[in-house]
Amino acid sequence: MPATTVLPTDQPPLLHTAVDQAVKLLESGEVVALPTETVYGLAADALNPAAVAKIFEAKERPAFDPLIVHLPDKKHLDTVAEVPPEVQKLVIQLIERFWPGPLTLVLPKKPCVPGLVTAGLPSVAVRVSANPIFKRVAQALGRPLAAPSANRFGSISPTSASAVAAELDGRIPLILDGGACMHGLESTIIKVEAASPKNLITILRPGPITAEDLKVYGKVMRVTRSVVDEAAEAPGQLASHYAPRTPLRLLAKPSDFTPEPGKRYALLSYRGEEKDGFLNLADWLQVMILSPGKGKLPEAAVRFFYALRELDKLGADEIIAEPMHEHGMGAAMMDKLRRAAVKAGQPSSLPESRSATGTVAPPSE
Ligand code: TXA
Ligand code: MG
């Protein structure tokens, strides 16, 4: 494959050319990296198995990990998914409220969706992206797009065109540069079930749409199984995901860490406040602050994958991560930090999320 082209989209004529080129490639069964409001996705025509196979090849993604299908518009839902009558009202409420946006629904699939997209599962994960560039491409193509995050399998999701290039340069023909992603974390994935007195919404992957946002629509559950359980219900949610190459340790409190002589450490700091007690623990190679001075979770989320990527470049012996609040987008970031720590064989000094509430004292907002 020749070198990857990166096309800007920040002026109307450039946007027009970029969208045209993306659509042409997608129509011809190629893959294209596109910005979404969460992270960059590697898109292909979801109904063309040969095109979908190229996603797996470029990412070196194992075939057991299913893809999210992105619709041009919410009206297209019933082209790829069956909505069981008992949850129809709930599904309509959710998509009216959250689509286009970072909420992915897992529903029974229609036969037209290739088994490769769903890793042979009878269900399909589906969402509508709110990113204007993604929307233009999807609407001009008029077909559903399968799009996982545009990183190599097991690596950190990209939130900029340059991060996509760092992962997939030379493996894909085109990246549309839509600037930094608005949310910075992957979509929330849920499944829905009819139950009495309230319908059940199970969060399979925490993300920008939080448990707090969802609870008006039903009883909200988090998947309770351990992050080390390889048979997780969202098949891509293995501990091996979302991890930098550098080992990462997630701390509950500053006193849980004593630097070892001769080792080089980097710090992922929540808000970079001296009084939180982490800044002076070691002679850090580098400190990346997620929410400078403020401790605002949405701001931290936007910088989260970027900060991990930067720290991963240092060649440190270990990345030390401060804890964050478990509510709102903090739940998704803490989930990812726990997985990264498990991958590094460094289970955090924090208990798992459900029991963590109340036992950890992250800084007040
Ligand atoms: O924000 C996002 O969701 C981004 C952007 C590009 O849309 N996409 C994304 O895709 O994060 P990916 O492939 O990195 O993660 C998709 C995950 C899979 O790993 C799997 O856990 C879950 O979605 N998934 C897909 N189909 C599923 C299904 N039928 N049942 C349960 N989980 C499913
Ligand atoms: Mg991914």
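This is a predicted model: local features need pLDDT of at least 70, side-chain atom pairs count only at pLDDT 80 or more; totals for chains, interfaces and linings use all residues.
Residues are numbered from 1 along each chain as written, with chains lettered from A and ligands numbered from 1 in written order. Local features need pLDDT of at least 70 and side-chain atom pairs pLDDT 80 or more, while totals for chains, interfaces and linings use all residues; side-chain values use heavy atoms, without hydrogens and water.

**View 1. The shell around ligand 1.** Ligand 1 is surrounded by 28 residues (a heavy atom within 4 Å), the closest being Thr38, Asp65, His70, Ser187 and Arg205. By class, 13 are nonpolar, nine polar and six charged (Ala, Val, Leu, Ile, Met, Phe, Trp, Tyr, Cys and Pro count as nonpolar; Asp, Glu, Lys and Arg as charged; the others, including Gly, as polar).

View 2. Oxygen atoms of ligand 1 lie 2.9 Å from a side-chain N or O atom of Arg61, 3.0 Å from one of Arg127 and 2.9 Å from one of Ser149 (polar contact: N or O atoms within 3.5 Å). Taken alone, ligand 1 exposes 670 Å², of which the protein buries 98% (Shrake-Rupley method, 1.4 Å probe). Strand 4 (68-70) and strand 6 (123-127) each give two or more residues to the shell (strands are DSSP E runs of at least two residues; helices, H or I runs of at least four). Strand 6 provides the largest share, four residues.

**View 3. Helix 10.** Helix 10 (residues 330-343) has 14 residues and spans 20 Å between its first and last C-alpha, close to the expected 20 Å (1.5 Å times one less than the number of residues). Twelve of its 14 residues are buried, so helix 10 is largely enclosed by the rest of the structure (buried: under 20% relative accessible area, 1.4 Å probe, protein chains only). Among the buried residues are Met333, Asp335, Lys336 and Arg338. Gly345, which follows helix 10, has a positive phi near 70°.

Notes:
A polar contact is a pair of N or O atoms within 3.5 Å; within protein, one must be able to donate a hydrogen and the other to accept it, and residues adjacent in sequence count only if both atoms are side-chain atoms. Buried means under 20% relative accessible area, exposed over 50%, partly exposed in between (1.4 Å probe, protein chains only).
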